[in-house]
Amino acid sequence: MIDATHDPSRRSWVESANEHPHFPIQNLPLGVFSKEDESARGGIAIGDEIFDLRAALEAGLFGGEARAAAEAAAGPMLNPLLALGATARQALRRRVSDILDANGADRARIEAARDRLLHLADDCTMHVPAAIGDYTDFFAGIHHARNGGKLNRPDNPLAANYKYVPVAYHSRASSIRASGTDVRRPKGQRLSAGREVPEYGPCERLDYEMELGIWIGPGNAHGEPIPIARAAEHIAGFCLLNDWSARDIQTWESQPLGPFLAKSFQTSISPWIVTPEALVPFRIAQPARPEGDPAPLPYLFDAADQACGGLSIDLEVLLLTEAMRDRGLPPHRMSRANARELYWTVAQMVAHHTAGGCDLRPGDLFGSGTISDPDPSGFGALLEITEAGRKPVVLSSGETRTFLQDGDEVIFRGTCRADGFVPIGFGECRGRVVG
Ligand code: MN
């Protein structure tokens, strides 16, 4: 629901927040940060600074449910806060919005404690914000699924199950890293063209996948599926996610059980959890399925979810090569797409994931699947852009790429715009490939 925290006229006394492209007072995403040798704790992004929830708690700025939420966010992992669910998270949002409001009632007292309550983001390190018990990667970007399928099955690119099942695989939680962590080129088995036996060595076809990350809040009891109409209550927020993919390893190893080492070496996420509350103005109806597509089975269909379960998020992929960095050039934009292209809503993912009785836990993470636009300017992976390496892409520096080289840095950005509302963003998800 829209409330005073979304009011476009609300400004913050933290000057850098006003007109900030990602973190105005209308966003207030949750994260975990540390500064120098102090312990990691929860914070909220505001402009170029981080609002310190532990310091605010110690300063006595919270009461009631907002206090319970801030206490749950005072440690190095946000799982306790994610477990509390929407009511506590909303109370925290309302109170922090009031605290940072330029016209807030307590402004003078709070601003006097500014040095304790706020830290320049540039002076802090961001961490993966929760202990991730399980990470599941979906495949809900239908244009990506089709583009990938075309490479092997040009006449029948989508598998028969695609429009019935929100397809996913269980991926690896232990190797998820926050934005800014280098990505070491993985080694593995690959069967090179014209060879009869595989060899073990460094990946030669390293790729990225532009995805939305979905953070799970309250879990469900083992054996008790989450009905789709209740699924939204279990979603605590969103981030950007790079599902780095070793295509040569993937091609060889994936039959019949799906990706393994091709995906497990690292996944990068943007460190801020953008809450469902912040995203309310950017909700859209789930786009109608094309004529002739089957309706979702009843356990995956909810009228309210269809009416407002979609998300309009502009997603951008940039590539900064070593040569661009050396020459002071800006990164090259590889693509722009929008999350509205997802074939399944996040509520459908939650309902399907639990439909067989699997229990989700607070801090579990989903990847949406690679999000591509129908147009080639919006393809979310090099596999699609270069047609599996057959068509090199020419970069603004004059360099070409089929897959990633050492020194290449991949940068994702996500922003939300809607008439009558202040735009918000996700910050960045960055990772540089090292040999
Ligand atoms: Mn993926």
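Biologist: What links D207, E209, D243, R247 and K263?

Modeller: D207, E209, D243, R247 and K263 are joined in a network of salt bridges. A salt bridge is a side-chain nitrogen of Lys or Arg within 4 Å of a carboxyl oxygen of Asp or Glu. This is a predicted model, in which local features need pLDDT of at least 70 and side-chain atom pairs count only at pLDDT 80 or more, while totals for chains, interfaces and linings use all residues. Residues are numbered from 1 along each chain as its sequence is written, and side-chain values use heavy atoms, with hydrogens and water left out.

Biologist: What makes D137, E209, E211 and D243 donors of the manganese ion?

Modeller: Donors are N, O and S atoms within 2.8 Å of the metal (3.2 Å for Na, K and Ca); water is not among the atoms, so sites may look incomplete. The OD atoms of D137 and D243 and the OE atoms of E209 and E211 lie 2.1 to 2.3 Å from the manganese ion, and they therefore qualify as donors. Their spacing in sequence is D-x71-E-x1-E-x31-D. D137 belongs to strand β6 (residues 135–138), whereas D243 sits in the loop between β14 (235–242) and β15 (245–246), 106 residues apart. Strands (E, at least two residues) and helices (H or I, at least four) are DSSP runs, numbered from the N terminus.

Biologist: Why is the contact of D98 with R10 called a salt bridge?

Modeller: The closest N and O atoms of D98 and R10 are 3.3 Å apart, which is within the cut-off, so the pair counts as a salt bridge.

Biologist: What makes E316 and R333 a salt bridge?

Modeller: Their closest N and O atoms are 2.9 Å apart, so E316 and R333 meet the criterion. The pair links distant parts of the chain, with E316 in strand β19 (residues 314–320) and R333 in strand β20 (residues 332–338), 17 residues apart. E316, at 16% relative accessibility, is buried, while R333, at 43%, is partly exposed.

Biologist: Why is E19 called exposed?

Modeller: E19 has 64% relative accessibility and therefore counts as exposed. Its salt-bridge partner R11 is partly exposed at 39%.

Terms used. Buried means under 20% relative accessible area, exposed over 50%, partly exposed in between (1.4 Å probe, protein chains only).
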